[in-house]
Each structure stands twice: as C-alpha cells, then as structure tokens.
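Trainee: I'd like to learn how to read a structure like this one. Could you walk me through a few features?

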Protein chains: 2
Amino acid sequence: MINYDEAYANVLSHTLDFDQESVSLGHCNGRILAEDVLADRDFPPFDRATKDGIAISSKGLEKGVRTFKIEGVASAGMPQHTLHELHNCIEIMTGAVVPKNADTVVMYEHLNIKDGMATLLQDVKKAQDIHFKGSDVVLGTVLLPKNTIIGPAEIGILASVGKSEVRVKKTPKVCVVSTGNELIAVSETPLPHQIRRSNALSLCAALQKEKIEATSIHLKDEKATIKKELSQILKTYDVVLLSGGVSKGKFDFIPEVMDSLKVKKVFHRVAQKPGKPFWFGIQPTLKTIVFSFPGNPVSTFANYHVYFIPWLCRSLGIEISREEVVLDGSLEVHLPLTRFVQVKTENKKGVLWARPVRENGSGDLTSLVHSDGFICLRPREKAYEKGEVVPYIPT
Amino acid sequence: MINYDEAYANVLSHTLDFDQESVSLGHCNGRILAEDVLADRDFPPFDRATKDGIAISSKGLEKGVRTFKIEGVASAGMPQHTLHELHNCIEIMTGAVVPKNADTVVMYEHLNIKDGMATLLQDVKKAQDIHFKGSDVVLGTVLLPKNTIIGPAEIGILASVGKSEVRVKKTPKVCVVSTGNELIAVSETPLPHQIRRSNALSLCAALQKEKIEATSIHLKDEKATIKKELSQILKTYDVVLLSGGVSKGKFDFIPEVMDSLKVKKVFHRVAQKPGKPFWFGIQPTLKTIVFSFPGNPVSTFANYHVYFIPWLCRSLGIEISREEVVLDGSLEVHLPLTRFVQVKTENKKGVLWARPVRENGSGDLTSLVHSDGFICLRPREKAYEKGEVVPYIPT
C-alpha cells in the first residue's frame, strides 16, 4: 500500500497525448486550444471613435476654432472619410473610422449643434475618445497561446481573427465500466437485495463537464465475461474508468483479470479514506490507462476528482487547479490514512470557509449532493482544527 | 439615468416563468429540477456489508465463540441468506445483504481462515462494518428539492430512485442580435474599416454554459430592416439580447424601434462604466424581455454577467451567487458611476485575491481573456484600496 502523494505522482507520470483535431468555432467552447492564435491585424484595426459626436483636427483647436462646420457623417462600417478643413468637422458614430486629418473626437453631450454647425461646450483634449489602431495589440501578437481553455471570451478573440475552424486537443475516448451483480438498470424495479446503477451515470455526467462523451458499460461479476469484455474495451478506448471489483471480496476479479490482459499494475491500494482499494494501471502495448475505483459512491467520486481530473489536465497540457480553503470545524486524523472529507464551501468576505458535510460512510450517496468538494487531510499526529488552511478539490 | 442598484432591482422585478418539461436522465446534466425527488425506498435499502469478510451474530460473540464455521457465501446481488447457528458464519462481500440472524461483519484482514473455519484475530464490536437499512435516509425523504441544479452527484441520486425521466425547468428561447454595419462574418476577410462579428458568438458561448442554445442573428443598421426583423424575433423568443445600437449615434435605432414595436422601456442608460447606454425593456403582450447591451465587447460581456445571469437565475428559481474578493491593488472611483473592473483572481491560503487586469477601454476585447470576472465598485468619495472586500461577478 502506498500513500496518497506517491499514488498521485504515479498517476501523473502516466499521462497520454491525445493528438489534435479541427473543430468549427461553434463547437470549440470548453475545448483546449492546440495552436497559438495570433492577431491577424492590429487591434483595433483602425483609429476608432469611442463616442458619438464629431471628429475634428487638433490643429483647428490650436488655432482657436471652437465652432465647426459639419461636412459629413461617418458611421461604423463606412470606409475612412477625409476631413477637408481645419474649421470643419465630421459627425462620427461609435465604432467608425476616425477621418483622415482628424485626431480628436468630441461627444454630443459636450456640443451644441445648430444649423449645421457644432460648437464646443467645454475644453477638449487632443486625441480624446479615440481607440487608436494597434493600441490593444499589434499584428502578430500571440492573443491566445496553445493550451488555453476556450471559453466565451476566447471565442470572441477567435471570431475576431477569423478562425472559423480551430485546432483543439482531442479528448480521450473514455469507457466507464461498472461491475456488481446487485446493480440493475435505472428503469428497472429493484428486488430487496438490488440497487440501481448510479456511479457510472454520475461519472458520465462528470465527464461531460470535461467535454467527454463517455460510453458506459455494465458487467456482471463473472470472471470470463469481465475478461472478454475488458479485452475489447482496452483495445477501443484510451481510458477505462472502472467502479467496483477491486476490493478483497471473492468476486473482485478486476486485479486478476487486468493481469491476464497484460495491464501492468502501477499500484493497488492507497493509504486513504475513502477509496483505499483504488487500482491503477496501464496496458503498455495499447497505451490504455485503467483507473479502477472502489464501488462505493463516495469512494468513486472522490477518486475521480482526486486522481482522474489532474491526470486529464496534465494530459491535455492545462494547469491543475490548486485551491485552498479555511476549515470551519475540527476533524480527527485516521493514521496512517490521508482523508478526503466532503465539505460545503462558503465565501465570507473573500475567504473560502469549508464546513464538513455529515456523511454516513462511503456508501452514503445522498451526502454527495450536500457538498461541493473534498478537502485533503494528510496524516499527522494532531487533529485538524477550525481555521487551518487545507487543500480543496472542487467537485 | 438610474444607478446600478436601481437598474439591477428593475431587471430582477421582470423575471419570467419558463414552464417545465421532461427530459431523459442522460440529458438533464446542468438543468434545474422542477419537482421534489423523494427516496423511493430506504437508503441503503437493506443492511449492507461494507467490508469483505464474514457475517456473524453478536450473540455468538457474547457466548465466547471466536472460531466460526463457514456455512455459505453471500455476495452482492444475492437475495438475503440466513445464518443458522451462533457458532457459524457466512462469508460476505461488500455490498451484500447481511444475512438474517447476523448483525456484525468482520473483515478478512482481522481473520484467520483455515479448513472452512474463520478465527477472529482481534476484538470485534457488535454491529461493525454494516451500513444499516435507512441509516442514510428513509423512504419518502426529499432527496433533491425542486430548484436544485442537477450535476453529477444529483444524477447519481436520480438514477438510484429510478428517474429515467426527470421534470426540469425549461430554459428560455434566446435570440442574440448584433447590429452594426462595420461587422462582417467570421469567415470573411475584413476591409480596413470592417471588423468581424465577435460579441454575438461570445454571448452564444456564454449561454451554452446555462444550457441555452441561442439563435444568433445579425442586422444592418437600417431602421426598416431592424424593425421588421425584431418584430418577428419578439414573437418567436422569450428573451432578446442585443449588442449595439443603443448609444446616441445617428444609427442607434434600437430605442426608437423598440418603442414602435410596443416594447416598454423599463430603463435606458445606467450610471455605470462600462455599459452606460444599457437599455432594458419588456413587450408586455408577448412577454418578451429585451436586454439591449452597448456594442463594445467589454460592455456587452459585463452587462451580460451583471444583469442577465442574475435575471436568469431568479427566473429559474435558483440562488443568485454572491461572491466577494479581496482587492489586490488600488482603484480610482469615477463619480457618479459604478465601475465594473476586470480582475484575475487567485486563491492564496483560502483567500480570494483579485488583481485588476490592464484594459485599454471597453473596446479592448483582448483584455477579457486575461480576467475571470468583474469586481463591482460602487461610487463613493474615496478611492478603493488594496485589502478591501468588494463584490465579485465571475465570468
């Protein structure tokens, strides 16, 4: 049995490279960028009015002109106008190109307009209310580096530089496998000794957040069946997430079957609670990674977030989020185990307080809906006290 | 011109009820529950072994029995066994029903098994390693109240109680309308005075997070076209999000067109930066809500998160998230405006610090990718200082 830090390091040393693909701009939300995205022109691409009003030349101002004859109107989407006289102006709308020979914009609120003449009502600063060409970024600047997570703001940038198609990292093909003869389909009515499958559906829903549409398969606790099915699954998928079958029970065939399918065990059993029987391995020829989680709902959920999510982030080239919270309660240590305790966080004046959620053991599925993450309590001599800062793994 | 708090209150007093629909369990991730979900049986539904080992009767223990004859094996998915003798035991696997007449489980690690006999290696507590029927929740308990946001843990619960179909709130039909003659399609090559559409695509991507697949339409700045198209849009959608056309420019037709289409203006112009020209209204007959945001990227993005998201939460019956952060920098006030300043947050020892992001005005699309939210600085006499706690709106 290894400890949590060893298990974590082992998992992260077995990442995969999922390759790349092109997707349309409308389908890249939440994906990971696989290329640097450069500015294809200056931003903004022209001197752009940021107010509605008039465009003038500061040379006219310097000569004492305060009333300007309106010689035209420039609105967004029109090619650049030219201002012909220092005592003239061009009416200009937000987003329009500042006319040639003009270098200052005055908004309507600071003007009196009458009979085709605009008179300044207050002092004007040269170059005011213009968003100058290239003042945000210049052509060729890396706007979005490779490995950026694409969200709404990034999609705005991608649109601006004309990326109808975007190179993104592929996501892994994931198969979620549940085992256990007590499990029946959601649509069935359980006998007294049966329960409906829930872990696999939870995992598939969690994977959707990562833009992974997983396949879910249920296997009965029969060694031959498990071996036959897993043999195919290992060939078809990049990652297999198993739930159940890794304990010490007579029907916990997973470790033995994995061995027979040449899946190399990296480790089995971690000094942690919940999720002690966690089994992790790799099929080196097929390069398939196997996360085999204990079947209790809280164990599966904790292990998925503690190990699989960082593994996925590292494989995709994105940062592993590291958060901390302040403990709002005291908690016992269970030497020599690392504890993952369900908590509900609350932001109080900018401080994230984490209150432990009452949980009736790792089989207590109902506790998961009252928490928003796990805190990680490494083993040590003394109990954890209210006010201590501890690592937090959001779910 | 009204202030931010008045504008916010006005927006929240015009919520809609979107009705309900049934969706399959596989499609309810991220949706809002429209019914209370009850436990259809006790959880767990039977006394359940939580370890692999043997099940015994504590009456045998009391009589001094320490070595038990194995009379059978109970695994998960088998109907309940019966233990026939006090000095006998039944081998039991995690998840199995505890046999009739048994009330205690001893794990393999605490046993010596030889020749069909199991001998205790250490002290045993009555009732240990059993997850008792109904100890999590009893039949009829509300497991998930109406208005719960459905995530992976909730999907586990819904699966457990057999909800193949789930009643959820409908999401509104949203149309995102951009205006502006300078805007061209992403796939086109812009002339020097043109830019590609980006706001509408950003908004659509942001709406996907809320499980809303919006329609996006672009309109040229021509009054007749805008009126004709908006007339249809108002009839077809619950919500219209407009970007552009609400400033004081000669081609900012939106307020006038809204009036002609009997969309009642609730307010126009808010004492805020960015996004001062924000226009908000309702078509009372059609019950269509119109959020008309100024066209600058940062203005649109800020207004969407400051007003639309709370409006959506309130309409769906879910809590509006209220977060606070600690300011990592000092910021000027711009009396009498409320400022929404882009920030990047960092969790340091459980405290969320917010560092202002350098931004080159509200047209600076590129700044949005460096921030993760806006802080809200209400107008007051003195500047905001490092260390102050301020409201934070995540993006």
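Mentor: Let's start with where the copies meet: 100% of the interface residues of chain A are also interface residues in chain B, so the two meet through the same surface. Contact here means heavy atoms within 4.5 Å. This is a predicted model, where local features need pLDDT of at least 70, side-chain atom pairs count only at pLDDT 80 or more, and totals for chains, interfaces and linings use all residues. Residues are numbered from 1 along each chain as its sequence is written, chains are lettered from A and ligands numbered from 1 in the order in which they are written, and side-chain values use heavy atoms, leaving out hydrogens and water.

Trainee: What rotation superposes chain A on chain B?

Mentor: In general, two copies of a chain are related by a rotation about an axis and a shift along it. Here the rotation is 180° with 0.0 Å of shift along its axis, and the RMSD is 0.0 Å. The copies are thus related as by a two-fold rotation axis. The superposition is by least squares on the C-alpha atoms of residues with pLDDT of at least 70 in both.

Trainee: Which residue of chain A comes closest to the rotation axis?

Mentor: That's A:Val351, at 2.2 Å (C-alpha).

Trainee: Is B:His14 buried or exposed?

Mentor: Buried means under 20% relative accessible area, exposed over 50%, and partly exposed in between, with a 1.4 Å probe and protein chains only. B:His14 has 16% relative accessibility, so it counts as buried. Among the residues in contact with B:His14, leaving aside neighbours within four places in sequence, are B:Phe280 and B:Trp311.
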